[in-house]
Amino acid sequence: MDDILGLAQELAEVSRLVADDDVTSTLGRFVSRIVRTVPDCDAAAIAILADGEAEVIARQEPTDPTTEPAQPMFTAQLIAADGPLHDTLTYGEPHRIGDLAADHRWPKFAAAAINAGYRSCLFLPLPADGDAAAAFSLFSAEPDAFGGMSYDVALLFALNAGVAFDNVQLFDDSRTLIEQLRTALVTRNLIGQAQGLLMHRYGITSSVAFDVLKRCSQDGNVKLRELSKEFVDAQHGNGLDAALRKHGLRTEGG
């Protein structure tokens with residue numbers, strides 16, 4: 001029971017979104033925790049399928065000087081179109097390779113993985129609702145890893161990573177929307193202030209003042225928001241007359 005509660009706490013902690021989270025940082029916590037939690041797991045990665053090509057977006061691996069020279073070739077074969085990861089990303093099917101030395105389904109990948117110090121691996125699709133396909137990859141220096149309880153724990157991590165993958169994208173979309181709304185409110189406020197300045201200066205209506213702003217914006221090839229800010233800043237700096245003349249509007253002096 002303590003083990004189950006501990007794992008539940010691990011998953012809750014790693015799934016929690018914090019400020020400035022993005023997909024990479026959120027999923028990076030998963031690969032780091034899964035290496036520490038799943039027995040015999042020496043390395044892990046999460047990859048997505050982008051425009052038909054696999055791309056690793058989060059990774060945790062050991063620093064071993066003896067296998068480091070083999071890492072570039074291993075990475076190339078990991079994301080190769082004829083490898084097991086690409087197969088999992090494309091078809092959503094899990095793959096467990098108990099002994100890379102005896103499995104002949106993906107010979108190029110197996111050779112590269114063995115040279116990098118691994119003997120077994122596991123590929124699990126992340127059950128995400130979005131358009132992007134994602135998958136967990138786990139690697140072990142021991143043969144026949146990721147069976148029994150290890151597989152169940154890895155599957156739990158994959159399920160929670162899929163939810164986090166969806167949530168962080170929704171979270172990011174929400175933050176983007178909020179920023180867009182804030183920008184829109186600031187823009188509307190600036191334009192309203194600029195309209196007020198023109199209404200007061202020339203004794204015109206709000207709609208006429210807005211038409212004047214649009215004409216000055218088009219004639220000067222400047223955005224309406226920037227023009228409005230220029231007029232508002234000029235008013236605060238006692239330079240409104242110069243700003244009006246700059247954009248072809250008459251002032252009290254001429």
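Student: How many residues does the largest nonpolar core have, and which ones have the most contacts inside it?
Tutor: Keep in mind that this is a predicted model. The largest nonpolar core has 24 residues. Those with the most contacts inside it are Ile34, Val38, Cys41, Ile46, Phe136, Leu138 and Phe146.

Student: Which elements give two or more residues to this core?
Tutor: Helix H2 (23-37), strand S1 (43-50), S2, S4, S5 and helix H6 (149-202). The largest share comes from H2, with five residues.

Student: Ok, zoom in on isoleucine 46. What does it touch, leaving out residues up to four places away in sequence?
Tutor: Quite a list! Isoleucine 46 touches Leu27, Phe30 and Val31, then Glu55, Val56, Ile57 and Ala58, and also Leu126, Ala135 and Phe136.

Student: New topic: aromatic rings. How many aromatic pairs are there?
Tutor: The count is six aromatic pairs. One of them is phenylalanine 74 with phenylalanine 139, an edge-to-face pair with 5.2 Å centre to centre and 80° between the planes.

Student: Where do those two sit in the chain?
Tutor: Phenylalanine 74 is in helix H3 (residues 71-78) and phenylalanine 139 is in strand S5 (residues 133-140). They're 65 residues apart, so the pair links distant parts of the chain.

Student: Are they buried or exposed?
Tutor: Both phenylalanine 74 and phenylalanine 139 are buried. Phenylalanine 139 counts as buried because its relative accessibility is 2%, and the cut-off for buried is under 20%.

Student: Which phenylalanine forms another edge-to-face pair with phenylalanine 139?
Tutor: Phenylalanine 123 does, at 6.0 Å centre to centre and with 85° between the planes. Phenylalanine 123 lies in strand S4 (residues 120-125) and phenylalanine 139 in strand S5, so this pair ties together parts 16 residues apart in sequence. Phenylalanine 123 is buried too, with a relative accessible area of 0%.

Student: And which residues form one aromatic cluster?
Tutor: Phe74, Phe109, Tyr118, Phe123 and Phe139.

Student: What about threonine 67, where is that?
Tutor: Threonine 67 is in the loop between strand S2 (53-60) and H3. Its relative accessible area is 13%, so threonine 67 is buried. Leaving aside neighbours within four places in sequence, threonine 67 is in contact with Asn115, Ala116 and Gly117.

Student: Switching to charges: how many salt bridges are there?
Tutor: Seven salt bridges. One of them joins aspartate 241 and arginine 201, whose closest N and O atoms are 2.8 Å apart. Aspartate 241 lies in helix H9 (residues 240-246) and arginine 201 in helix H6, so that pair ties together parts 40 residues apart in sequence.

Student: Are those two buried or partly exposed?
Tutor: Partly exposed: aspartate 241 has a relative accessible area of 30%, and arginine 201 is at 25% relative accessibility.

Student: What about lysine 229, which residue does it form a salt bridge with?
Tutor: Aspartate 233, with the closest N and O atoms 2.7 Å apart. Lysine 229 and aspartate 233 both lie in helix H8 (residues 224-236), four residues apart, which is about one turn of the helix.

Student: Last one: which side chain meets arginine 59 in a salt bridge?
Tutor: Glutamate 61, at 3.2 Å from N to O. Arginine 59 counts as partly exposed at 29% relative accessibility, and glutamate 61 is partly exposed with a relative accessible area of 32%.

Definitions and conventions:
Residues numbered from 1 in each chain as written. Predicted model: local features only at pLDDT ≥ 70, side-chain atom pairs only at ≥ 80, totals over all residues. Heavy atoms only, no water. Phe/Tyr/Trp six-rings, centres within 6.5 Å; stacked < 30°, edge-to-face > 60°. Buried < 20%, exposed > 50% of the residue type's maximum accessible area, 1.4 Å probe, protein only. Contact = heavy atoms within 4.5 Å. Core = buried A, V, L, I, M, F, W, Y, C linked by side-chain atoms within 4.5 Å. Salt bridge = Lys/Arg side-chain N within 4 Å of Asp/Glu carboxyl O.
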